[in-house]
Amino acid sequence: MEEKYNTNKIYIILCEGSSERAYIQIINRFFKENEININFVAKEIGTGHFHQVEKAYKKACKENKNKEIIIWVDEDIYKRDDKGNGTSYLNKKQNIPDFIFTKYNFEDFLVMHLDDDVIDKWHQVLNTKGHFNMPLKSSEYIPLIKENIALFQDYEKGDIPFEITFEKIKQAYNTHQKQNINFKCDMLKYISKNLGF
């Protein structure tokens, strides 16, 4: 039976998919191990498309009064304006909070946790493909990541292909801070603030 612990602060994280949910569960383990009285409750939306996210947010508001709700999605479909997502987001109502974006997809976010030489290599591969101007689609970047980064050789969407450690989270945050690296994830600001780095 899972041990229950008291939390002073609960955040509801509306996230795009199972990968993000699994990541949040790992973060909660670090909070618990470090006796940090915060709990991230991940609610999987199953998509990052604006109108489904908006609907999930309204539902979460009704179910979670007086709790902060964070929306964490990939920015790629917003930058490309797939199905008008970027336009819808720009025109969102004031009662919908700003999203926490991963720039541009969860795989880029995972790479942020790795050694600098791997990050630099992946950054260079994507830069030559114009990814930071117009994000690649998964059918384009998945073969590239399998080919260029050994840890991702057998990668499937939804995997976390390496162990997430405290040091790796810190590395991801440091990567997020670098001016010369275009990988970003604003969720790391919430995580780092609570983990104390």
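**View 1. Strands S1 and S2 lie side by side.** Strand S1 (residues 9-15) is joined to S2 by seven bridges, and the two run parallel. Strands here are DSSP runs (E, at least two residues) and helices are runs of H or I of at least four residues, both numbered from the N terminus. Cys15 stands opposite Glu44 in S2. This is a predicted model, in which local features need pLDDT of at least 70 and side-chain atom pairs count only at pLDDT 80 or more, while totals for chains, interfaces and linings use all residues. Residues are numbered from 1 along each chain as its sequence is written, and side-chain values use heavy atoms, with hydrogens and water left out.

**View 2. The open sheet has five strands.** Their order is S2-S1-S3-S4-S5, with mixed pairing. Strand S2 (38-44) and strand S5 (184-185) are at the edges with a single partner strand each, so one side of each has no neighbour in the sheet. Two strands pair if DSSP finds at least two bridges between them.

**View 3. Helix H9 lies across the sheet strands.** H9 (residues 187-195) lies across S1, S2, strand S3 (68-74), strand S4 (100-103) and S5, at about 155° to S2. Axes are lines fitted to C-alpha atoms, for helices over the stretch in contact (heavy atoms within 4.5 Å), and angles run from 0 to 180 degrees between N-to-C directions.

**View 4. Helix H8 packs on H9.** H8 (residues 166-177) and H9 pack at about 125°, with axes 10 Å apart. In H8, Phe166, Ile169, Ala172, Tyr173 and His176 meet Leu188, Lys189, Ile191, Ser192 and Leu195 in H9.
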